[in-house]
Amino acid sequence: MEKQYKTILKDEAFLRQISKPIDWNKNDYHEAIKQLDMFCQEDENLLALAAVQVGIPLRMIYLKKTDLTRLEDDYNERTILINPVITKRVGKTTYWESCASCLDYMGLVERPYKIELAYQDEKGQAHTQTFEGFPATVLSHEMDHLDGILHIDIAKEILNMPQEERKEFRKTHPYEILSKTEQFVQKTKKKSS
Ligand SMILES: [Zn+2]
């Protein structure tokens, strides 16, 4: 099956839209889950995906690898978050992020150290969960996708680096915690005026 997920080269406008909440009576969220499963199994470098990246602009996130000690190719935590809402952001971290939709562009992005998230699971059950450390970074990146924001929009620095070189680069430029307690101020997209 041909990959249909969107890149900035092919379809930046599609990625810029605001994804719609899932209506449990109307939306075919099973198809989105199927697509996300497929892409996350195929691409061993993926940490997570938002549904909009596979061409389905619904508020749904798939977490595959958020544990920095479990980055082996076949590891998949398969956490599906539906209609997620961040209710709290605390602390500050930085990481050189990359994105399946942004070609070779890496960006140094500030993210909260800890976030509190309200969401529903695949069965529609409501949850509140705290994500701390690296998972908070991965999740913040995906949450931005739901609002049409890419990491390159809010990065302090941007680098063009192919996948093969990133592993080595990250050894000297790792995930960094700047504060665990300060109030995090969420950046919004730069106005292009
Ligand atoms: Zn991304």
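**Figure 1. Five helices and eight strands make up the chain.** Helices here are DSSP runs of H or I with at least four residues, strands are E runs with at least two, and both are numbered from the N terminus. Follow the sequence and you get α-α-β-β-β-β-β-β-α-α-β-α-β. This is a predicted model, where local features need pLDDT of at least 70, side-chain atom pairs count only at pLDDT 80 or more, and totals for chains, interfaces and linings use all residues. Residues are numbered from 1 along each chain as its sequence is written, and side-chain values use heavy atoms, leaving out hydrogens and water.

**Figure 2. A hairpin built from S5 and S6.** Strand S5 (residues 114-120) runs antiparallel to strand S6 (residues 126-132), and they pair over seven bridges; pairing takes at least two DSSP bridges. Across the pair, Glu 116 sits opposite Thr 130 in S6. Five residues separate the two strands, and Gly 124 in the turn has a positive phi of about 90°.

**Figure 3. Leu 103 in its loop.** Look for Leu 103 between strand S3 (79-97) and strand S4 (105-111). Its relative accessible area is 34%, so Leu 103 counts as partly exposed (buried is under 20%, exposed over 50%, partly exposed in between, with a 1.4 Å probe and protein chains only).

**Figure 4. How much of the chain is tucked away.** Of the 193 residues, 49% are buried. Among contacts with a separation of 6 or more, 68% involve residues 24 or more positions apart; contact means heavy atoms within 4.5 Å. The C-alpha atoms fill a box of roughly 45 × 45 × 35 Å along the principal axes.
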